[in-house]
Amino acid sequence: LQGLTFTLHPGTVTALVGPNGSGKSTVAALLQNLYQPTGGQLLLDGQCLVQYDHHYLHTQVAAVGQEPLLFGRSFRENIAYGLNRTPTMEEITAVAVESGAHDFISGFPQGYDTEVGETGNQLSGGQRQAVALARALIRKPLLLILDDATSALDAGNQLRVQRLLYESPKRASRTVLLITQQLSLAEQAHHILFLREGSVGEQGTHLQLMKRGGCYRAMVEALAAPAD
C-alpha cells in the first residue's frame, strides 16, 4: 500500500474494488489489526488501532472472507462461536435468515444441530460463506468487513446480502467495508474506492465514476462484455 488514505463513515457502505493484487485484502487485514503498518496510522474514533484491547476490538469488528473457516461442530455452535454469551435460538435463526443460511440448514434432518464436518467440508463454498456471515451478524458489529465474502453465493442469496447492506433497518448501526469483484453489489455503495497498485486510483459513487470514464468504467464494461 502506498499513500493510501480514506475514511469509513458510520452507517455507510464503502466498496473497495480493483484488480487482483492491488492491496484490497491487505486493507482488510490491517483494519482487523492482524499486523501493523510500516508507516502511517490506522485510527478508530481518532485513536490508534493498536491502543485498543484485541478482544474488545474484535467485539466491534467482524470480518468474513472468501474462504471462511468453520469448525467441526453444529451449525448452531458455529454461528455462536466466540460469543461471550449464549445466544437464543431466535437470535441464531434471525441472523441465519439474514445471511441466507436458514433455508439450507432447515433442510437437514437435524437442522441447526447438524454437524458441518471438519472445516465445514460437508458444505458448499456458498453455504460456508452464508454460515460465516451469520456468525458475523450475530455479533452486531459496528464495523463489518466483507472480503470477497459473497463470491460463492447463488444469485438469490447475493440479492439477500444486497438487501442486508442497503435496505435493512439495522444498516444505520454499522459501517461496512465491502471488498468485491461483483460490481452489481458495489454499485449502490455510498462510496467506491478503486485500488490500483496499492493506492487509490479513483473514488466516488458509481455514477460519478462511470461519467469519469476511467479505470473503474473500463472494469465495469469489461466484466459486462459477453465472453467470446
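User: Which residues lie nearest the centre of the largest pocket?
Analyst: Keep in mind that this is a predicted model: local features need pLDDT of at least 70, side-chain atom pairs count only at pLDDT 80 or more, and totals for chains, interfaces and linings use all residues. Residues are numbered from 1 along each chain as its sequence is written, and side-chain values use heavy atoms, leaving out hydrogens and water. On a 1 Å grid over the protein atoms alone, a pocket is an open set of points with protein on both sides within 12 Å along at least five of seven lines, a cavity is a set where a 1.4 Å probe fits but cannot get out, and lining residues have an atom within 4 Å of a point. The largest pocket has 37 lining residues, and nearest its centre are F6, L8, L31, L42 and L43.

User: What is the volume of the largest pocket?
Analyst: Grid points are joined across faces, edges and corners, and the volume is the space filled by probe spheres set on those points. For the largest pocket that comes to about 1,100 Å³.

User: Which element gives the largest share of the lining of the largest pocket?
Analyst: Elements here are DSSP runs numbered from the N terminus: helices (H or I, at least four residues) and strands (E, at least two). Those giving two or more residues to this lining are α1 (24-31), β2 (43-44) and α2 (54-60). With 4 residues, the largest share comes from α1.

User: How do the residues of that lining divide into nonpolar, polar and charged?
Analyst: Ala, Val, Leu, Ile, Met, Phe, Trp, Tyr, Cys and Pro count as nonpolar, Asp, Glu, Lys and Arg as charged, and the others, Gly among them, as polar. By that scheme the largest pocket's lining has 20 nonpolar, 15 polar and 2 charged.

User: And the second largest pocket: which residues are closest to its centre?
Analyst: The second largest pocket has a volume of about 770 Å³. At least two lining residues come from each of α2, β4 and α6, and α2 has the largest share at 5 residues. There are 26 lining residues, and closest to the centre are H58, V61, A62, Y81 and R139.

User: Which residues line the largest cavity?
Analyst: The structure holds 1 cavity of 30 Å³ or more. The largest cavity has about 50 Å³ of space, and its lining splits into 4 nonpolar, 3 polar and 2 charged residues. Those residues are G11, T12, V13, L164, L165, R171, R174, V176 and H190.

User: Which residues does I79 touch?
Analyst: Contact means heavy atoms within 4.5 Å. Leaving out residues up to four places away in sequence, I79 touches I92, V95, A96, I105, Y112, V131, A134, R135, I138 and R139.

User: Is S74 buried or exposed?
Analyst: S74 sits in the loop between β4 (61-64) and α3 (75-80). Not counting residues up to four places away in sequence, S74 touches Y112, D113, T114, E115 and V116. Buried means under 20% relative accessible area, exposed over 50% and partly exposed in between, using a 1.4 Å probe and protein chains only. The relative accessible area of S74 is 2%, so S74 is buried.

User: What is the phi of N33?
Analyst: N33 lies in the loop between α1 and β2 and is buried, with a relative accessible area of 15%. Its phi is positive in a residue other than glycine, near 65 degrees.

User: What is the phi of D148?
Analyst: D148 is in the loop between β5 (143-147) and α7. D148 is buried, with a relative accessible area of 14%. Although D148 is not a glycine, its phi is positive, about 55 degrees.

User: What separates the C-alpha atoms of L159 and S184?
Analyst: L159 is in helix α7 (residues 155-166), and counts as partly exposed because its relative accessibility is 38%. L159 and S184 are 25 residues apart along the chain, and their C-alpha atoms are separated by 9.7 Å.
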